[in-house]
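Please look at the sequence and the structure shown here. The paragraphs that follow lead through some of the helices and strands.

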Amino acid sequence: MVTRWINDLTRDDVTPKGLFMNRRAVLAGLGSIGAASLMAGRADAQALEPNTLEQISTYNNFYEFGWDKTDPAAHAGDMVTSPWSITIDGMVDNPGTFTLADLLDGLSIEERIYRFRCVEAWSMVVPWNGVQLSDVLAKAGVQSSARYVAFETTVQRDVMPGVQRSIIPFPYVEGLRLDEAQHPLTMLATGIYGEPMPNQNGAPIRLVVPWKYGFKSIKSIVKITLTDTQPPTTWNRLNSREYGFYSNVNPEVDHPRWSQGSERKIGGGLFASRQETLMFNGYEEQVAHLYEGMDLREDY
Amino acid sequence: MTLFPKDWAQAVNRVTRRSPAWPIYLIGAGWAGWLFWLGLTGGLGPEPINALERRYGEVALQLLVVGLVVTPLRVFTGISLLKFRRALGLTAFFFVLAHFLVWTLLDLSTWSAIGREIIRRPYITIGFAGFVLLIPLAVTSNNASIKRLGAGTWRKLHQLTYPAVLLGAVHYIWLVKGYPLEPFLYAGAIVGLLLLRVRWVRRQNAVA
């Protein structure tokens, strides 16, 4: 029943594979315009060169710890991540509260190198370690009535300065349509570069949906609920005009206040140039069929 | 009307009267250069362009607020920093210019995008309008201009500071994602300082 994502991106072949994938994406995006030199330039610029662990773990949005990019690294150290338990409830055959070990039991941790695109128009390339979400859902036994998956982040008030000065209604919540959640690209990540997940990146377990803006990839998950109604999502609640339920990376649909047509990859220094943002963050071939017949301007 | 012992104010004024204003330019230039150096060498984190843009913008706003404080400070405490106001204003302008240049040359880095972004993004339109309003003020911040324009006209022209600073405050609130505290603190301080002036103008009109 569950389709497997064939993990063809490893650290040894990231560059050639990246070039290859990007060329196809660029072709799809540009149609007939593409001059060969331009395409080569863009593909080179977007080679899947992973960011360093330091970059990945010092430039974060994790609003439970504050509004600045440096707040999570500064404050997340006190978050309690062990023991950890996750409740799976709603429309599943095997509801319950599981330890992390139980949840991952029988599943093998894979490395997957994904692009990560923030709604603020910056991006990274991250070598995640984790499991495919569909495998976890299969273990829970998704009932046929389920249509959506809702996720919830831990709230540890004592150690979360952003929660104490709460403007955002915590716990942070996110959601996916069931077919998005079961897509082989969607994963629950438990580490980066083979290291345990840094707290500021959402330890001990977080969602990664590489074709959506980063805020969809909810961190430090304590609850997963299968439901038949579209669940509320935190940024959509805060500002529904700016942050939709789907929030697929889409260079053609701008954020109301800024362009989504380009992005800057973190780590290029003071003279880094922008690169074109790819449809579905470069995963168009894999995920476009999920949205067939939908108006992505309407369902942003 | 003094909320401050008069002899203290006079003591402070004796010191400030002897202090030159030019170090403000020097400190401003040094600070701008230091931030740029930090950006070059990793001191502003892994995304230095955005960080530098923010820092220059914030310093500009801080200096503009200090500029707005000069008059109320004199009214309420008798301390006069009037002789530093030109240096404060010009240094603020240079930081706005640096903020604008980081945005155009490093952040966007394509000329065609500049006009489009100014037109299409309201928060940028507003920030740019504030910058444009400050240009004539920077150009006329010298004794020759005061003489040529006449003190009355010059003073009227320089009241453009008020809308410019207000636009800066709105620009800051509008550009951030979510609801961090800082932009609202700046906006609160600026609106407060401007309201003081509205009250003074009313009172002056009533007296007249």
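At roughly what angle do the axes of helix α2 of chain B and helix α3 of chain B cross? The axes of α2 (residues 22–40) and α3 (residues 48–77) of chain B cross at roughly 165° and come within 9 Å. The angle makes α2(B) roughly antiparallel to α3(B). This is a predicted model, in which local features need pLDDT of at least 70 and side-chain atom pairs count only at pLDDT 80 or more, while totals for chains, interfaces and linings use all residues. Residues are numbered from 1 along each chain as its sequence is written, and chains are lettered from A and ligands numbered from 1 in the order in which they are written.

Some terms are needed here. Helices (H or I, at least four residues) and strands (E, at least two) are DSSP runs, numbered from the N terminus. Axes are lines fitted to C-alpha atoms, for helices over the stretch in contact, and angles run from 0 to 180 degrees between N-to-C directions. Angles under 35 degrees count as roughly parallel, over 145 as roughly antiparallel, 65 to 115 as roughly perpendicular and the rest as oblique.

On the α3(B) side, the residues that touch α2(B) include Ala51(B), Tyr56(B) and Val59(B), and on the α2(B) side they include Trp31(B) and Phe36(B). Residues are in contact if their C-beta atoms, placed from the backbone, lie within 7 Å.

Val59(B), in helix α3 of chain B, is buried, with 21 other C-beta atoms within 10 Å. Buried means 20 or more such atoms, exposed 12 or fewer, and partly exposed in between. Leaving aside neighbours within four places in sequence, Val59(B) is in contact with Trp31(B) and Phe95(B). The C-alpha atoms of Val59(B) and Ala32(B) are separated by 9.1 Å, although the two residues are 27 apart along the chain.

Further along chain B, helix α9 (residues 161–175) and helix α10 (residues 182–207) pack at an angle of about 160°, with their axes 8 Å apart. Helices α9(B) and α10(B) are therefore roughly antiparallel to each other. Among the residues that make this contact are Tyr162(B) and Leu166(B) of α9(B), and Phe184(B) and Ile190(B) of α10(B).

Chain A has paired strands, where pairing requires that DSSP finds at least two bridges. Strand β10 (residues 221–227) of chain A pairs with strand β1 (residues 85–90) in the parallel sense over four bridges. Ile88(A) stands opposite Ile224(A) in β10(A). Strand β5 (residues 148–153) of chain A pairs with β10(A) in the antiparallel sense over six bridges, and Ala150(A) stands opposite Thr225(A).

Note on methods. Contact = placed C-beta atoms within 7 Å.
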